[in-house]
Amino acid sequence: MKTKIVALSIAWGLFLFVWSARAQIYDANNDAAATFAGYGIPAYVDGQGLLTAFNDPSQIVSDTASNLYVWDNNNQRLRKITPDRTVSTFIGGGNNLEGYGTNVSLSWGQVGALAMDNSNRLWLVMASGYWGGLTYLLTIGTNGYVSIVNGGLTDLGTGSGICFDSANNLYYSGGNRIYRYNSGTGVAQPFAGSGISGYFDGQGTLLTAFSGPTALACDQADNLYVWDSGNGRIRRVDQNQNMTTIAGNGYWSPGDGTGTNASLNGINSMFFDHSGNLYLMCGSCVRKMDVQTNVTTLAGSFYQTGYADGPGNTALFNSAVGGCLSQGMIFVADNGNNRIRNLTFNAPTQSVAAANLQLKTYPGLQITGNVGRTYQIQSSPDMNNWNPIATVLLNSSPHLWIDRNPVDGNKFYRAVMLP
């Protein structure tokens, strides 16, 4: 660690400003970042892998069949990605508050958190500006049925984190407290934190304090881990409601290290693997805390954002906000890059025979037009004879349309708005 001390003398006193360049320690497991889905242009396109488009993806979870579910914020839809990278719209685009799939609207509020319980039910936190200004808990069954479970829970808001323990109890953060919610009775009870902003470890709700708790995660022993954003620390609460600081020291400049020697900031979401490792989505990087509380960086940079696939120390993210574990990989909702990225561990090098390599061209067309109107995509080999090849309802502007058929030779495209 290098420390630089600058002394500044002014008329009414002498002040010392300390700037610290803290260590970034990369994980030693040959982690590598790649793009799993999304073309990178903010739009709404279902399809396959990189031939798809998202607009501000912010949350991602996985079910036990390795399907991914992405909250696509600016498209106000929940997208589903199967293990073979097929992207479809699972929920949203309709007019109903409750019901099945694409018959349902998710545009009546702001989604703040997304989680999967132990029964493969999805849970959303939805803050509404229309329905009494309340924040609601929504569930989505495995059959795609959306229902409103509860509205107006104490201190529940768009900044709340949610997670589940092994008994399917839901925990949420808000109002400088952690609550435990029983979906059977519809009752939420304070679990940790007095509700007064501060920093106190201890036991129960009277002798403990948080300052802006947000992201939550639960380990296999049902210990609850809380990102205490105002204090810059990760706190652990066991089932006896004993609270302990596990990592972080309150410094705002990030630095890897062990336990309270590490400095943490900007954690958007957290989740565990089956070995007890806690993964942290930190905006410009993805970090890990192991069971010995050693904090390292898997991929990305403390000080640089952008878009780059590759080994962890060369990969770049632009607002890695959501994350989950599936198929032995970490999946990241890279919000600013409008992509779903994946991190692999100890990625093996495989040689592919030349006979099995094929390069195909899939051209795309970006339409800037009137949302809600229908456009006909036409193609021509010579710009003289135009043939209709697709019809598109513009759900966003700009809208990315990709030709699903590979193209050889010259091919020209245009979009014509229909009456």
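Biologist: How many helices and how many strands are there in the chain?

Modeller: Zero helices and 36 strands. Both are DSSP runs numbered from the N terminus: helices are H or I with at least four residues, strands are E with at least two. Bear in mind that this is a predicted model, where local features need pLDDT of at least 70, side-chain atom pairs count only at pLDDT 80 or more, and totals for chains, interfaces and linings use all residues. Residues are numbered from 1 along each chain as its sequence is written, and side-chain values use heavy atoms, with hydrogens and water left out.

Biologist: Why is Ala215 called buried?

Modeller: Buried means under 20% relative accessible area, exposed over 50%, partly exposed in between, using a 1.4 Å probe and protein chains only. Ala215 has 5% relative accessibility, so it counts as buried. Across the chain, buried residues make up 51% of the 419.

Biologist: What is Ala215 in contact with, leaving aside neighbours within four places in sequence?

Modeller: Contact means heavy atoms within 4.5 Å. Ala215, which lies in strand S19 (residues 213-218), has contacts including Gly161, Trp227, Ile267 and Met270.
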